[in-house]
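User: Please take a close look at one part of this model, the pairing of charged side chains. Then set that pairing in the context of the chain as a whole.

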Amino acid sequence: MMRTTYVGLLSKGYQHKKQLMDSLLKVAEEDNENFLRRLRHKTDRVGIEIPTIEVRSEHLVVEGDVYVGSRALNSYST
């Protein structure tokens, strides 16, 4: 059974809001990682090969916008 909890963010400070968002995002990342790990285990166990795609590009040009400041979020990481 799922439990729903309501949190009033208007009265909370910046640090509390940041901690709440970090914990929610961490849970979502862990759930996704566990799902993908279970899916990989099941496909390996039954011998299903997942098709792969190879993408090649010639004369590729990449443009991007850079935001400088403390409020910008990473949009790409390796």
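Analyst: Arg56 and Glu54 form a salt bridge, with the closest N and O atoms 2.5 Å apart. A salt bridge here is a side-chain nitrogen of Lys or Arg within 4 Å of a carboxyl oxygen of Asp or Glu. This is a predicted model: local features need pLDDT of at least 70, side-chain atom pairs count only at pLDDT 80 or more, and totals for chains, interfaces and linings use all residues. Residues are numbered from 1 along each chain as its sequence is written, and side-chain values use heavy atoms, with hydrogens and water left out.

Both partners are open to solvent by the accessibility rule. Arg56 counts as exposed because its relative accessibility is 71%. Glu54 is exposed too, at 60%.

How many salt bridges does the rule give? The count comes to two. The other pair is Glu33 with Arg37, at 2.6 Å from N to O. Side chains of opposite charge can pair when their charged atoms come close. Glu33 and Arg37 both sit in helix α1, four residues apart, which is about one turn of the helix. Helices are DSSP runs of H or I with at least four residues, strands are runs of E with at least two, and numbering starts from the N terminus. Glu33 is partly exposed because its relative accessible area is 45%. Arg37, at 47%, also counts as partly exposed. The two side chains make a polar contact as well, again at 2.6 Å. That term means a pair of N or O atoms within 3.5 Å; within protein, one must be able to donate a hydrogen and the other to accept it, and residues adjacent in sequence count only if both atoms are side-chain atoms.

Helix α1 runs over residues 14–46 and has 33 residues. Its first and last C-alpha atoms are 48 Å apart, close to the 48 Å expected at 1.5 Å a residue. The expected span is 1.5 Å times one less than the number of residues.

Met21, in helix α1, is partly exposed at 44%. Together with Leu24 and Leu25, Met21 makes a nonpolar surface patch of about 290 Å². Patch members need over 30% relative accessible area and no salt bridge; like charges are joined within 9 Å, and nonpolar side chains (Val, Leu, Ile, Met, Phe, Trp, Tyr) within 5 Å.

Thr43 also belongs to α1. Thr43 is buried, since its relative accessible area is 11%. Leaving out residues up to four places away in sequence, Thr43 touches Ile48 and Ile50. Contact means heavy atoms within 4.5 Å.

What follows the helix? Just after α1, Gly47 takes a positive phi of about 80 degrees. In the segment after α1 lies His59. Phi of His59 is near 55 degrees, a positive value in a residue other than glycine. Most residues other than glycine have a negative phi. His59 is exposed, at 76%.

Finally, the whole chain. Buried residues make up 1% of the 78 residues. Areas come from the Shrake-Rupley method with a 1.4 Å probe; for residues, only the protein chains shown count as cover.

Key: Buried means under 20% relative accessible area, exposed over 50%, partly exposed in between (1.4 Å probe, protein chains only).
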